[in-house]
Amino acid sequence: MLTEALTTSALLFVIGTFGVLVRRNAIIMFLCIELQLNAVNLALVAFSRYVGVEGQVFVFFVMTVAAAEAAVGLAIIISIFRHYRTVNVDNFNLLKW
Amino acid sequence: MEIPIHVLVFYLVALVVVGSACIVAFSRNIVHSAFSLLGTFGGVAALYVFLGADFVAAVQVLIYVGGILVLILFAVMLTHRISDIDITNRTVGRIPGLVAGAVFLGILVYAIAGTDWAKAREVAFEPTTAAIGNLFLGEYLLPFQIAAVVLLVALIGAITLSRKEIKE
């Protein structure tokens, strides 16, 4: 069961990584980051079954940061959308050197 | 050879998780992506149940499905003009991304398959909620409090960022 869960987690993480690398829509990239966070949570829970319940405590901290990131990230995306009328990250080059 | 039913269900759930994750990452329609995230989050919650983490599974449903997913759907509806689907989804750098992803997956699977995990205790299921509560209010009290402050700051920041500015 551990190997299967870890493999699922690895697949999920790689799909998320690929999405962040390839897609240019800010919201899709954001969804892919959520996939990556979920993959890490899955790996932590899988290990906690064999190592101890502490792993699940870390899952809650990851979830807290994910919730905070969702709130702030989506607020940033929405205020950028109001300004540029688009969410394509290639257009956000104001801070680009 | 008879495959036990719980193994079969586990693989089915894992398939749902990976399949809907693929839709999230590759779908041309952003609304489809957002709704497929429901399958991923729900499937991961089911996997938590398989791994004996009851409280984490409940919290996954409450926070991710009930909170973050609704937030994301709101953001999609607010930023995306439903009528023009095509503009949302160009992909760039597909080949380098694919190579990087494949190499990374290879390394991860190699590490997972090659390691001799210590499978000392295949214990029977027991409730974890009390143990988690004790850890939060004992050993991890300071991180617990800091997490509360992080959430408060994030909420205030989100409100400040997304409100409309009214200039006098």
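How much space lies in the largest pocket? About 300 Å³, where a pocket is an open set of points on a 1 Å grid over the protein atoms alone, a 1.4 Å probe fits, and protein lies on both sides within 12 Å along at least five of seven lines; the volume is the space filled by probe spheres set on the points. This is a predicted model, with local features needing pLDDT of at least 70, side-chain atom pairs counting only at pLDDT 80 or more, and totals for chains, interfaces and linings using all residues. Residues are numbered from 1 along each chain, chains are lettered from A, and side-chain values use heavy atoms, without hydrogens or water.

Who lines that pocket? Among them are Ile76(A), His83(A), Tyr84(A) and Phe92(A), plus Leu161(B) and Arg163(B) from chain B, lining residues being those with an atom within 4 Å of a point. Helix 3 of chain A (residues 54-84) gives the most, six residues; helices here are DSSP runs (H or I, at least four residues).

Now for the interface. Here 76 residues of chain B meet 68 of chain A, counting heavy atoms within 4.5 Å as contact. The buried area is about 6600 Å², 76% of it from carbon and sulfur atoms; that is accessible area (1.4 Å probe) lost on putting the two parts together, summed over both. On the chain B side, helix 3 of chain B brings the largest share, 13 residues.

Key:
Helix = DSSP H or I, 4+ residues; strand = E, 2+ residues; numbered from the N terminus.
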